[in-house]
Amino acid sequence: CTFFVLAALVLWLKSRERRIGFMAILCGLLAALSKEQGLLTPLFLAIPTIIWWRQIYLDGAGERVVRWRWGFLGLGVLLSGLVLFMRYQALGGSITGLVPASDNPLVDADLAGRVLAPGTYVIKALSLCLWPLSLSADYTRDALPLPLEWSELKGWLGLALFGFWSVYVLRCMWKARMIHAVCFGGSLLAYGVTSNLVVLSTISFSERALYLPSAFLVLGLGWLIQGWLRQGEKISAPGMILVASVILCLSGLSLMRVTDYASNQAIANTSLEHTPRSARLWSMLGESLREEGRFDDADRAYRQALLFDPDSASAFRGRGLV
């Protein structure tokens, strides 16, 4: 999905004729067929189109705004609607399918939880973008506790940051700042529309919800570096050493993270460090311990799972096998 979305965006930015524009719309269709976020591709393509339209009034440079672009964007919207209709039919008359409270506790949340929890998820998303190594394999149920009171400051802070993010994107579009509007606007759409901020998602939070927003941010960074090099500006040697050191450090930590996936026990133990209230992870740990014949340890893990989710079928089944 991310590949096709970015391919559509690059083709759209470079296109000066219908053939390339049609390829961009086709990539958008393939993105939508890959994953739900791909349905937003026409909105991603609309951002640079609106900026080109805006440039007509700022400096008269609107040669890229031609009539066929608006027609192609309309075609993209129709194709996204077709894919959405196909999904609706495949799920038996539902857009998202059944959303159980074990996957997304916002289903049963009161008003304070429904309003402020998405704000706390924004804070979590930003922290993972800055430090993407404190990941967990599961964020369902009580892995990220819901705010219970209107006084939850983290929830308000997250909502305020999202509001600032939105205003900044609109300001960049108004001033026709293409790089900032496309990259920050794309990440805003990719995260905001498909998260619990706008609609009730099938999950409370997931690191995979950050893949597409992160891709837009990386695209923006690459775009800015390309601009620096094109202008002939040199990056200082200390700066290069600092960047190389950070890359080597993060690469080493990422390799360590990948080794966690060597077994269910390893990934469960590592993930529980970051989301200790995840019943699914405790059940996964219990299953791995049971397979090793460590029945007492497995039983303790299953008991922990039932402590956080009294209706956990996998924990009941595991205790029965033990």
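I began with the lining of the largest cavity: 5 nonpolar residues, 4 polar and no charged. I count Ala, Val, Leu, Ile, Met, Phe, Trp, Tyr, Cys and Pro as nonpolar, Asp, Glu, Lys and Arg as charged, and the others, Gly among them, as polar.

The model is predicted; local features need pLDDT of at least 70, side-chain atom pairs count only at pLDDT 80 or more, and totals for chains, interfaces and linings use all residues. Residues are numbered from 1 along each chain as its sequence is written, and side-chain values use heavy atoms, without hydrogens or water.

I looked up the cavity's size next. Its volume is about 60 Å³. On a 1 Å grid over the protein atoms alone, a cavity is a set of points where a 1.4 Å probe fits but cannot get out; a pocket is an open set with protein on both sides within 12 Å along at least five of seven lines; lining residues have an atom within 4 Å of a point. A volume is the space filled by probe spheres set on the points, which are joined across faces, edges and corners.

Which helices supply at least two residues each of this lining? I found α2 (18-34), α3 (41-58) and α4 (67-90). Helices are DSSP runs (H or I, at least four residues), numbered from the N terminus.

Then I turned to the largest pocket, with about 720 Å³ of space. It has 30 lining residues; among the closest to its centre are Glu 36 and Gln 37. α4 gives the most to this lining, with 5 residues. I noted 15 nonpolar, 11 polar and 4 charged residues there.
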